[in-house]
Amino acid sequence: EDVIGGWGSKELAPRRESCWSMNRFAILVSMASNTNVLMHLVASAYSIANKAGRIVRKVMAGGDLGIVEKCGANDLQTKADRLVQMSICSSLSRKFPKMTIIGEEELPSEEVNEELIEDGQCEEILKKTCPPQYNAIREEELVVWVDPLDGTKEYTEGLLDHVTVLIGIAYEGKAIAGVINQPYYNYEAGADAALGRTIWGVLGLGAFGFQLKEVPAGKHIITTTRSHSSKLVNDCISAMNPDAVVRVGGAGNKIIQLVEGKASAYVFASPGCKKWDTCAPEAILHAVGGKLTDIHGNFYNYNKEVKHMNSGGVLATLRNHDYYATRVPEAVKQALVS
């Protein structure tokens, strides 16, 4: 697409080259003044997440998932988890060596294959103006939380639309930006369909790559865990008297359901998920006016010293957070330490 636009008439054609040169110069000057560490990081994370999606698909196509159990049958790791984490963490650390990066997988230190490195960045993101409150951020003040394959169990079971790659960015303990890649978005649209998409968001700027939609007014549709259910989880959901309950895998997938109008609340009354599961989704949800807290209504802290477990569970909504928060039973609150 032409950056300037409007080049349909022949009369304008002779002037196109000079106008384009002037326009390109203006764009470069604008980019130089408007971009900073945060926007460069998000632009890089976008390209890195795209590469991660390609790795996820390549491993699946190869047929050998290399599955190992970490802490039981519901806590799995695959070859895709390992390769994607190496790709994301190594690619980011080369560009941003002073930044703290925390990944889900505990991997041995080894030389990373150059084929896993992504050094590109999304130029469209660099054209965006950084929210002023983040203009002075220094690289060493940022913490990145990486889930290389959110929904690993579903990946191994062929439930491919549940799978996401999550790159969350935190500043002063707050999730301020996130990138989510869906490697298999559109995979049921036929053999010729283009697979995958990447959505991203920055607090104070907005979220991009999807069509924001809300559940019809008055409808209460809850999305929750597919593979980590419990009496506590189910008691909490029942107390909210939902019209429907959707059980799917992956925290990233559940937040996408909220912003695309497929669910009105994500309820998980359990200490099961971790900071790398919620940082990127929370940033994108908050960027469009939603809210993610623990079951008690407290926000999570994402600084580099915090414990990784989200002990207080998750309660996330695009709208009407208080409606669900006030219906959490006291017994559930007492059972979950925030």
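Two strands pair if DSSP finds at least two bridges between them, where strands (E, at least two residues) and helices (H or I, at least four residues) are DSSP runs numbered from the N terminus. The model is predicted, so that local features need pLDDT of at least 70 and side-chain atom pairs count only at pLDDT 80 or more, whereas totals for chains, interfaces and linings use all residues. Residues are numbered from 1 along each chain as its sequence is written, and side-chain values use heavy atoms, with hydrogens and water left out.

In β13, Thr-317 is the bridge partner of Lys-291, and strand β13 (residues 314-317) pairs with β12 in the antiparallel sense over 3 bridges. Both belong to an open sheet of 5 strands with mixed pairing, in the order β10-β9-β11-β13-β12. Because β10 (244-248) and β12 (291-293) stand at the edges with a single partner strand each, one side of each is left without a neighbour in the sheet. From one strand to the next, the twist averages 20°.

| Helix | Lies across | Angle |
|---|---|---|
| α6 (residues 231-239) | β9 (221-225), β10 and β11 (265-268) | about 175° to β9 |
| α8 (residues 275-287) | β12 and β13 | about 145° to β12 |

Elsewhere in the chain numbering, helix α2 (residues 37-62) packs with helix α3 (residues 79-95) at an angle of about 160°, their axes being 9 Å apart. That makes α2 roughly antiparallel to α3, a term for angles over 145 degrees.

Key:
Axes are lines fitted to C-alpha atoms, for helices over the stretch in contact, and angles run from 0 to 180 degrees between N-to-C directions. Angles under 35 degrees count as roughly parallel, over 145 as roughly antiparallel, 65 to 115 as roughly perpendicular and the rest as oblique. Contact means heavy atoms within 4.5 Å.
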